[in-house]
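Below is a short report on one protein chain.

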Amino acid sequence: MQLKRYSDYSLRALIYLGLNPHRRCTIHEIATAYGISVNHLTKLTHRLGQHGFIATSRGRNGGLKLAMPASEISLGDVFRVTEGDVHLVECFRGEENNTCPIAGPCVLTNVLESALAAFINVLDRHTLADLLAPSQALQAIFAARQDEGAVRPLAAGSSATA
């Protein structure tokens, strides 16, 4: 299983905001810090704002910040918002979208459902605060990237390596 880029970037944005709790950050700043697309980041921060994870404001002193303490942001909740319904295999999509001839008696469906449930259960046990534990090391990485001139945010459609 691989998280969508949308989920990956959402978690990265939340980490960045969690490392900077006493100020507003800009989309461009976060995109530059990670070398990711401003367009992708704009879309996902809008969605994270709609779901109450971040507070957004426009204008001269505008920007982004966490809408609640990092300890209250469940990784499982972020996963559900950013991944939506996860269909590991075709038969997870319901009978009307399933063309697998062995779907009825197949045990694989139950195994994969259990594995997905276990994965989400682990995410539910962790919060954004857990991801911020190595904050000094993370801050040092961002500071070094900034000192080096950091990579510019990628244009829409470009990809970055994680």
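Contact here means heavy atoms within 4.5 Å. Leaving aside neighbours within four places in sequence, S10 is in contact with L44, L48 and T82. This is a predicted model: local features need pLDDT of at least 70, side-chain atom pairs count only at pLDDT 80 or more, and totals for chains, interfaces and linings use all residues. Residues are numbered from 1 along each chain as its sequence is written, and side-chain values use heavy atoms, with hydrogens and water left out.

S10 sits in helix α1. Helices (H or I, at least four residues) and strands (E, at least two) are DSSP runs, numbered from the N terminus. The relative accessible area of S10 is 0%, so S10 is buried. Buried means under 20% relative accessible area, exposed means over 50%, and partly exposed lies in between (1.4 Å probe, protein chains only).

**Cores**

In soluble globular proteins, nonpolar side chains tend to be buried together. A nonpolar core is a set of buried Ala, Val, Leu, Ile, Met, Phe, Trp, Tyr and Cys residues joined through side-chain atoms within 4.5 Å. The largest one has 27 residues. L14, I30, F53, I54, L66 and L128 have the most contacts inside it. Two or more residues come from each of α1, α2 (27-34), α3 (38-50), β2 (63-66) and α4 (75-83). Helix α1 gives the most, with seven residues. Beyond its neighbours within four places in sequence, L128 is in contact with L14, I15, L66, A70, I73 and L75. A second, separate core has eight residues, including F79, V86, F92 and L123.

**Aromatic pairs**

Rings of Phe, Tyr and Trp (its six-membered ring) pair if their centres lie within 6.5 Å; planes under 30 degrees apart count as stacked, over 60 as edge-to-face and the rest as tilted. The whole structure holds four such pairs.

Y34 lies in helix α2 and F142 in helix α7 (residues 135-147), so their pair ties together parts that are 108 residues apart in sequence. Both Y34 and F142 are buried. With Y16, they form one aromatic cluster.

F79 belongs to helix α4 and F119 to helix α5 (residues 108-124), so this pair joins parts 40 residues apart in sequence. F79 counts as buried, at 5% relative accessibility. F119 is partly exposed, at 32%.

**Surface patch**

L3 is found in the segment before α1 (5-19). L3 is partly exposed, with a relative accessible area of 33%.

**Whole chain**

The protein chain has seven helices and two strands. From the N terminus, their order is α-α-α-β-β-α-α-α-α. Of its 162 residues, 33% are buried.
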